[in-house]
Amino acid sequence: MTSPSEPQQAPDSGADDGGANGGGLTGRYYGRGIPYLPLESYPGKLIAIEGTDGVGRSTQIQLLREWLEVRGYGVIETGWTRSMLMQPTIELAKSSNTLNKLTFVLLYATDFADRLEKEIIPALKAGFVVLSDRYIFTALARAGVRGVDRQWLRNLYGFAIAPHMVFYLNVDVKTLIGRVLASRGMDFWESGMDLKHGDDIYDSFRAYQNKLLREYSSMADEFHFKVVDARRPVDRIQDELRKNVAAFLESAGRPADRPADTLALQPR
Amino acid sequence: MTFSLLHATDFADRLLYKIIPPLKAGMIVLADRYAYTAFARDVTRGVDRQWVRELYSFAVRPDLALYFRVPIDVSVDRLLARRVKLKFYEAGMDLGWSTNPVESFRMFQGKVLDEYDHLVNEFGLEVIDAKASITDQQRLVRNVIAQRVQITEMELSDDEPV
C-alpha cells in the first residue's frame, strides 16, 4: 500500500504546494471575511511592506515596482488614507480635535475596506502584483499602543485578505530618530503626541516609536512577517526583497497554470 | 463594508460624546435607533452576522430596547403617503435588486424586518405593535418604561397623549 519511501509522491505534492512558499496563507481572509466577496483563486499577488514611519518603505516600494515592471508584471500600489472615499474625511477629522482612539481606528478601517474592495481585490482578480505600502499591521500596532482591545481589533480586520508575503522593515529607535530628523522632522501623529506623554516632541517620539516597534515585533510570528534589517543601505535591503519576491513568484506557478486571460502576471 | 464601518464610526463618536457623558450624569438617554439597526441593515447588505456584532461590542447595552414592528406594506404606504421619493440607501438601491425604488424598498426592507425578528429574541427587544394608533403605542411605551425605569411620581403624572 503506502510505502514510506515512495519517490513518486514528492513532485506531485510539491506542485500542489506551489503557493505555500508565501507562508501557506494565500487567498484567504484573516477572519470572517466579506460574505458577498468570496475569494476564488485569483491570479494576482498581494505583497505588503510594513514598518514604522521613516523606515524607508516608499523608497523600497518604488524600486521594487520598477524592477517588477521591467520583468513584465503589472503592478499596483496602495497605501493608507489613499482611498477616494475616506481621504478628505480623515484629513478633516485629524485637523479637528474631536477624534478619539475608537473613531480613529474605525475611520482607518473604513479607508482600508474601501481600498480592499475597490483597488486590491479587483487588481488581484486581474492578475496584478499589488504592493501595499503598510497593511493592517500598522493599524493594529497604532491602535494596540493606544490601548484598544487587541481581540476586538483582530475581529475588526477579519475582513482583510492575508497577503502572500509580508515584509517587515525592522529598525531600532536610535537609527530611526537620526533618519527622521535628517529628512522631514518629527510630526505630531508620528510622535504620538495625542498620547500626551509630555510636551517634548523628541521624548514623545522616542517613547511612542519604541512602543510601536515592540507592537510590530509581537505580531511577527502571528502574521508570518519576513523580517528585514532596515538599518542597512537601501541597495542591500532591496536585494533581499527582490530575492524573496523572485523566489515566491517563481514558485507561485508558471503562466501555463493560469487561465488564459491573466496576461498581466506572465513574466516575459 | 464601508457603509457598515462609516456608520460604526458615527456611532462610536455619538457614544463617546452624546451617550456616555449623560449616562454618567444620571440622565435618561433616548436613542432613535441603536446598534440593532446596524445588525439588521448591514447583514441584509451582506456583511457577516457575527462580525458586525463583535464590531459593536464597544457599545453600551441599553437598559431597555423598544422595537416598533410594522408590516412592510404599512411601512411603504406610510412613507409614500408622506413623501414622493424613497431615499436611495433606505430603499437598498445600492444592492441593485430592482430599478424600481418602491419594489427595491419592499425587497430590501422586507429582509431587514426578517433580521429584526431574529434580534428580538437574541437581544430581548421589547416589541411594540406599530400598526396601532400613536396614542395607544405611546401609552404602551410609557407603561413599559415605567416598569423598567425608576421614575418619580411627578414625572409619571404627565401621561397626556402626545
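Just after helix 2 of chain B, Gly46(B) adopts a positive phi of about 105°; helices here are DSSP runs of H or I with at least four residues, strands are runs of E with at least two, and both are numbered from the N terminus. This is a predicted model, in which local features need pLDDT of at least 70 and side-chain atom pairs count only at pLDDT 80 or more, while totals for chains, interfaces and linings use all residues. Residues are numbered from 1 along each chain as its sequence is written, and chains are lettered from A and ligands numbered from 1 in the order in which they are written.

Helix 2 of chain B spans residues 35–44 and is mostly covered, with 9 of its 10 residues buried, where buried describes a residue that has 20 or more other C-beta atoms within 10 Å of its own, exposed one that has 12 or fewer, and partly exposed one in between, with C-beta atoms placed from the backbone. Among the buried residues are Tyr36(B), Phe39(B), Arg41(B) and Asp42(B).

The buried residues of this helix pack against helix 1 (2–24), helix 3 (49–55) and helix 5 (101–123) of chain B, and two residues are in contact when their C-beta atoms, placed from the backbone, lie within 7 Å.

## Chain B as a whole

Chain B has 7 helices and 2 strands, which follow the pattern α-α-α-β-α-α-β-α-α along the sequence. Of its 162 residues, 22% count as buried.
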